[in-house]
Amino acid sequence: MGTKNNFEKSQILTMVGGMISVVSVFLPWYSASASAGALGLASSLSVNGMGWVNGSGMLLGLVSGKADWSFQGVGVLALGIACIAVAVFLREKLQSLAMFACGLLIIGGGVVNLQSIGQFSGEFLGATLQSGVGYGLYVVLLGGSVAAAGGLLAWRDLTTK
């Protein structure tokens, strides 16, 4: 059952999942904040999937320009673009399998990063520190899930024809 633009619902779902994945790469995957209440100092830091660091205060000064972030943002970005291309250019069984595989690989990238980012919360030398996963990684999982759902929907449509 196609829509008026000749794309199946499963293709649209996968394209949306791919777009969500592409956007998620530019959202914060890691964030940290510190505050020293007695001194009135506050600092924050966030890193997106591409490893781009932004923030303010002493935390930003502690991060060197050569910091090696173990995020696979480039892979998620490439897979998000691949989801869109697969939904547009491939047809039938190969398309449904490729859409599902892209979605699963995006989810895998998100899970690997969720596990690799440690969380810390506590006091250190009179300063309160907190660090952990940013909301961008949860958006990665959402995008991958939507893309995989599009692949499953396409497969279901093929088997019921």
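The model described here is predicted, and the protein averages a pLDDT of 83, with 85% of the residues scoring at least 70.

**Confidence**
- Among the elements of the protein, the highest mean pLDDT (93) belongs to helix 1 (residues 9-24), whereas the lowest (62) belongs to helix 2 (residues 58-62).
- Where pLDDT is low, the predicted coordinates should not be read in detail.

**Leu141 in helix 5**
- Leu141 lies in helix 5, which covers residues 135-159, and, leaving aside neighbours within four places in sequence, Leu141 is in contact with Ile107, Gly110, Val111 and Leu114.
- Between Leu141 and Leu114 there are 9.9 Å in space, C-alpha to C-alpha, although the two are 27 residues apart in sequence.

**Gln11 in helix 1**
- Gln11 has its place in helix 1 and counts as buried, at 3% relative accessibility.
- Not counting residues up to four places away in sequence, Gln11 touches Asn6, Ala87, Arg91, Gln95 and Met99.

**Helix 4**
- Helix 4 (residues 92-116) has 25 residues, which at 1.5 Å a residue should span 36 Å, and this agrees with the 37 Å that separate its end C-alpha atoms.
- The buried residues of helix 4 include Gln95, Met99 and Gly110, and the buried residues of this helix pack against helix 1, strand 1 (28-36), helix 3 (73-89) and helix 5.

Definitions and conventions:
Residues numbered from 1 in each chain as written. Predicted model: local features only at pLDDT ≥ 70, side-chain atom pairs only at ≥ 80, totals over all residues. Heavy atoms only, no water. Helix = DSSP H or I, 4+ residues; strand = E, 2+ residues; numbered from the N terminus. Contact = heavy atoms within 4.5 Å. pLDDT = per-residue confidence, 0-100. Buried < 20%, exposed > 50% of the residue type's maximum accessible area, 1.4 Å probe, protein only. Expected span 1.5 Å × (residues − 1).
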